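Reader: Before we discuss this model, please show me the chain, and then take me through selected contacts with the cut-off behind each term.

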Amino acid sequence: MLNKGYRWIGGILVTLCSVFFAAYLLDNWSLLSMSFFSTNNITTLSIALILYLVCFSITSLAWYRLLLSTGQTPQIAQITAIILISQFAKYIPGNFSHHVGRAVLARRNGLSNQSIIITMAYEIVIVIVAAAVIGIAALILNSTLPTHSINNISKFALPLFMITMLLILVLVNRKIYNYIKAFFSQLLIPSRQTLFECYLLYTLSFLLFGVILSLIAWTYSGTEKTNFWFLTSSFSIAWILGFITPGAPAGLGIRETVLIALIAPIYGGGLALSLAVTLRMVTSLGDGLGFLLGLIIRTIKSNS
């Protein structure tokens with residue numbers, strides 16, 4: 001009876017995700033400069049999609065390492081399927097359904113509630129820290145930006161700086177870490193080494209998003225230069241604000257608005273809009289492909 005209820009809930013969630021996914025594609029298709037999706041750019045589009053799927057692999061590996069550190073013994077293919085399938089639920093309004101979906105799928109695969117909650121909580125902290133640090137660091141590495149552009153990004157980046165420093169202390173300071181571990185003595189807290197490994201993995205993920213956005217910018221005619229560090233910094237900051245905004249499915253609208261505001265002074269308003277919408281279209285297509293791939297992996301695992 002319980003399994004039947006799970007299947008009904010799963011079916012409803014998939015249907016809702018599919019509706020919101022399709023609606024978003026239709027709403028934004030008319031805004032998109034189609035040159036990126038032309039046959040001339042099919043190779044670039046394929047590379048961008050592959051890199052986006054690699055980011056899923058990085059997320060899966062990071063969560064796998066966190067779970068191992070809390071005493072769980074999952075399989076990497078199992079974790080990858082959970083990540084790929086649950087990620088599709090981020091298109092449901094509320095910006096939390098994919099977390100709930102992941103927790104439900106993980107529980108159904110035998111993972112303990114304690115480990116699921118602890119590892120997902122740490123993951124949120126680590127990914128925000130990674131995004132903030134790479135956003136600020138990439139801004140510092142930018143030596144070619146005009147002053148007004150740096151000031152524009154700073155309006156978004158600097159308020160995150162103090163919060164980021166506090167979160168980093170939680171991750172790397174031995175005394176604070178030991179205090180947290182002692183306070184939650186009944187819980188299995190991931191090791192500091194694992195936390196640092198996951199931080200590096202998520203940093204790599206945001207760098208790959210910078211590559212994806214750079215590829216998109218490079219394909220558009222009129223783009224004389226592609227500033228990788230500038231685009232990486234802008235995306236990381238926009239991602240944080242989209243991620244922490246409650247109610248917006250997958251940060252829809254928030255991330256694009258911030259990204260456009262950040263890159264428009266360099267690329268111009270029209271091109272900035274095309275870059276932001278194209279990136280969203282690429283990630284939406286990637287989410288759809290990832291969902292199908294997750295179902296395939298889960299089916300193969302079930303039949304093996």
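Reader: Which residues does Thr59 touch, not counting residues up to four places away in sequence?
Author: This is a predicted model, in which local features need pLDDT of at least 70 and side-chain atom pairs count only at pLDDT 80 or more, while totals for chains, interfaces and linings use all residues. Residues are numbered from 1 along each chain as its sequence is written, and side-chain values use heavy atoms, with hydrogens and water left out. With contact taken as heavy atoms within 4.5 Å, and not counting residues up to four places away in sequence, Thr59 touches Ile83, Arg102, Glu123 and Tyr202.

Reader: What relative accessibility does Thr59 have?
Author: Thr59 lies in helix H2, where helices (H or I, at least four residues) and strands (E, at least two) are DSSP runs numbered from the N terminus. A residue is buried under 20% relative accessible area, exposed over 50% and partly exposed in between, with a 1.4 Å probe and protein chains only. Thr59 therefore counts as buried, its relative accessibility being 16%.

Reader: Which residues does Glu123 touch, again not counting residues up to four places away in sequence?
Author: Glu123 belongs to helix H5, which covers residues 113-141, and with a relative accessibility of 6% it counts as buried. Thr59 has Glu123 among its contacts, and from the side of Glu123, not counting residues up to four places away in sequence, the contacts are Thr59, Trp63, Leu66, Arg102 and Tyr202.

Reader: Which elements do the buried residues of H3 pack against?
Author: Ten of the twelve residues of H3 are buried, so this helix is largely enclosed by the rest of the structure. Among the buried residues are Gln78, Ala81, Ile82 and Ile83, and Ile83 is also one of the residues that Thr59 touches. The partners against which the buried residues of H3 pack are H2, H4 and H11.

Reader: Which helix supplies the largest share of the lining of the second largest pocket?
Author: On a 1 Å grid over the protein atoms alone, a pocket is an open set of points where a 1.4 Å probe fits, with protein on both sides within 12 Å along at least five of seven lines, and lining residues have an atom within 4 Å of a point. The lining of the second largest pocket consists of Gln78, Ala81, Ile82, Ile85, Leu105, Arg108, Asn109, Arg298, Lys301 and Ser302. Helices H3 (76-87), H4 (97-108) and H11 (269-303) each give at least two residues to this lining, and the largest share, four residues, comes from H3.

Reader: How far apart in space are Asn109 and Ile82, C-alpha to C-alpha?
Author: Asn109 sits in the loop between H4 and H5 and, with a relative accessible area of 38%, is partly exposed. Not counting residues up to four places away in sequence, Asn109 touches Gln78 and Ile82, and these three residues are among those that line the second largest pocket. In sequence Asn109 and Ile82 are 27 residues apart, while in space their C-alpha to C-alpha distance is 9.1 Å.

Reader: Turning to the chain as a whole, what share of its contacts with a separation of 6 or more comes from residues 24 or more positions apart?
Author: The protein chain has eleven helices and zero strands, and of its 304 residues, 50% count as buried. Among its contacts with a separation of 6 or more, the share from residues 24 or more positions apart is 76%.
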